[in-house]
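Reader: I have a model open and want to learn how to read it. Where do we start?

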Amino acid sequence: MTPRPGQPARRRTGVLRREAVLAAVPVAVAALLGAAAPAAPGTAGAPGAGDPYFPLSGNGGYHVRHYDMTLRYDTTSRRLDGTAVLAARAGQNLSRFDLDLTGLKVTRVTVDGAPAAFRRTGQELVVTPRHTLRTGRDFRVAVAYHGTPKPVTDPDGSADGWIPTDDGAFVAGEPQGAMTWFPANAHPKDKSSYDITITVPQGRTAVSNGVLLGQRTAHGRTTFRWRETQPMAAYLATATVGTFKTEQYTTRDGIRVYNAVDPREASAAVPVLKQLPSVLAWESTLFGPYPFRSAGSVVDHANVGYALETQTRPLYDSAPDLGTLVHESAHQWFGDSVSLTAWKDIWLNEGFATYAEWLYTEQHGGDSAQKTFDALYARPASDHLWAFPPGDPGSGAHIFDTPVYARGAMALHELRRAVGDRDFFRILRAWAAGHRYGHGTTVQFQRLAEKVSGKRLDGLFHTWLFTKGKPNRA
C-alpha cells in the first residue's frame, strides 16, 4: 500500500513517497472411508483467525480453496447482488463455522446444496450445516446476498472495502474491507484461487484479478469474467467498477498485461504505466521470476488517499508516480506471493516495497540507498519516524504508518551493510522463492538471512525492528 499526503497514519514523509496453495490439513482416512463409522461430535469454528490486531478477521476450522463469485452492480442505485460459492476443506469436525461479511442482507445459505441455518453477529455470518462436517472433508458453501455495500473505517481512520465513486466503485480491501462485498475467510493466513464474474451497466468496466477470460454485452449490461489461479489473500481481491480506457498486451516475458485508466487521469498516468514492463523486468532480476501470469494497473479517479497492491493489478486512486509504481509492483513478490501470517509483520510487505523504491532510484541515476538512509537517520529522536518499532507497530492503527515503511526499509539497508550485496540479494531471492505462494514471518526471514550469510543477526534485527526510539548505529 502507498499512502497519499494528508491522510491519517497512511502518510508520507521524506523519501516515503506514499507509498491455490492448499493448506495441509490432516485427513482422518479411516473415518472418511469407514461406512459404518459413528458420527463424530462437532465443534464450532473460531470466529477469528487469532490475529491480535484484528481479532475477528478470518475464521477458524476450515480453509477456503476457491471462491466463485457472481456479482451484479448497478452504478445508479449502487445496489450489489451477489452469489458466492466457497469450496472449502474442514480442518476439524465442524458443527458450525463463521464467514466474514458486513452490511449486506443474506437471503440464502446452502452447504453442499442443502439449506443451512444462518444468523448475523456483527461482522460474522454464522452458518450451521445440517450435519457435522468431518475433519478433512471438502464442502461447498453458497451464499446469496444483496444490498448497498459501504466501506469500513479502519483503526487509522481511513476507509477500505467497497468505496463508491461518481462512476462506480473503488474496491480496496486492506486490511479488512473484503467483508464489505463478499463472504470470506478474510485473513492473510487463508489464501485461495478466485473466479469473479461481474455484470455492470454498458459503458462501465469491471476490473478484477488475474486473467480476463472474456466479456459480453447484452440488454444494456456488460459481464466481465476474471480468474486468478494463484493463491490470493481476500484483502487483495478487487472488483473495481468505473468508466475506464483499457489496454491489453503481452510482455516479452509472456506476462499478460491489462491496464484500466479513468480518462480524467490518463494524461498523467499513461507515461508512467508504459514503464511497467521494464519495472517488472528490473524487479525480476533482483527478486526472482515474476510470480503471476498477469499484471497491470487500475487507475481510478477516487481520491481515497492511497494505492493498494491488489494481486496482479495494483489499484491507484489517481495517476501514480514512478516510485509508487515500483512500490506496488514490488508487493507482487513481497505481500502478495509471500503473505503475512500476522498483521504485526506488515514491515515484511511495506519495508520491502519501500526499499525496492530506494534500490530503483539507486540503480537508475538517483540517490544511493545509503544517502536515503542517512537522510532519514539524521532526523532527531523526537521525529515520528522513531515513534514505534516497525516489527511490532502495537495495533492496527499503525500498520500503515511511517515507521513501518521507512524504518522497515532502513532495517533492510542495515542488513545489506552487514552481509554485503552478494548475500543480501541472495537472501531476497531466496525469500521470494522459498515462500512463493505461501507465507512468511519475521523469525523465518531472520533465520534465512543467517543461513545465507553465515552470520549471527539477532542483534541487528532486534535493534532495527523491535527497539523503541531511535536506534544507535553500530
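Author: We will take helix packing, then backbone geometry, then the pocket. Keep in mind that this is a predicted model.

Reader: Start with helices. At what angle do α5 and α8 pack, and how far apart are their axes?

Author: Helix α5 covers residues 347–363, and helix α8 covers residues 421–434. They pack at an angle of about 135°, with axes 14 Å apart.

Reader: Which residues make the contact?

Author: From α5, look at L348, F352, Y355 and L359. From α8, look at F424, F425, L428 and W431. By class, that contact has eight nonpolar residues, with no polar and no charged ones.

Reader: α8 also packs with α7. What are the angle and axis distance there?

Author: Helix α7 spans residues 402–419. It packs with α8 at an angle of about 130°, and the axes are 6 Å apart. This pair is therefore oblique too. The crossing of α7 and α8 is right-handed.

Reader: Which residues of α7 and α8 meet?

Author: On the α7 side they are L412, L415, R416 and V419. On the α8 side they are D421, D423, F424, F425 and I427. By class, this contact has six nonpolar, no polar and three charged residues. Note F424 and F425 of α8: they are in the contact with α5 and in the contact with α7.

Reader: α5 also packs with α4. How is that pair arranged?

Author: Helix α4, residues 322–330, packs with α5 at an angle of about 135°. Their axes are 8 Å apart. So α4 and α5 are oblique to each other. The crossing is right-handed.

Reader: Which residues should I display for α4 and α5?

Author: Pick L322, G323, T324, V326, H327 and A330 in α4. They meet E350, A353, T354, A356, E357 and Y360 in α5. By class, the contact has six nonpolar, four polar and two charged residues.

Reader: Which peptide bond is cis?

Author: The bond from E174 to P175 is cis, with omega near 5°. P175 sits in the loop between β13 (168–172) and β14 (191–201).

Reader: And what is phi at T312: positive or negative?

Author: Positive, near 75°, in a residue other than glycine. T312 is in the loop between β22 (306–307) and β23 (315–316).

Reader: Last, the pocket. How is empty space found?

Author: Rolling a probe the size of a water molecule over the atoms shows where empty space is left. Here, the largest pocket holds about 160 Å³ of space.

Conventions. Residues are numbered from 1 along each chain as its sequence is written. This is a predicted model: local features need pLDDT of at least 70, side-chain atom pairs count only at pLDDT 80 or more; totals for chains, interfaces and linings use all residues. Side-chain values use heavy atoms; hydrogens and water are left out. On a 1 Å grid over the protein atoms alone, a cavity is a set of points where a 1.4 Å probe fits but cannot get out, and a pocket is an open set with protein on both sides within 12 Å along at least five of seven lines; lining residues have an atom within 4 Å of a point. Grid points are joined across faces, edges and corners, and a volume is the space filled by probe spheres set on the points. Axes are lines fitted to C-alpha atoms, for helices over the stretch in contact, and angles run from 0 to 180 degrees between N-to-C directions. Helices (H or I, at least four residues) and strands (E, at least two) are DSSP runs, numbered from the N terminus. Contact means heavy atoms within 4.5 Å. Ala, Val, Leu, Ile, Met, Phe, Trp, Tyr, Cys and Pro count as nonpolar, Asp, Glu, Lys and Arg as charged, and the others, Gly among them, as polar. Angles under 35 degrees count as roughly parallel, over 145 as roughly antiparallel, 65 to 115 as roughly perpendicular and the rest as oblique. A crossing is left-handed if the near helix is turned anticlockwise from the far one by less than a right angle, and right-handed if clockwise.
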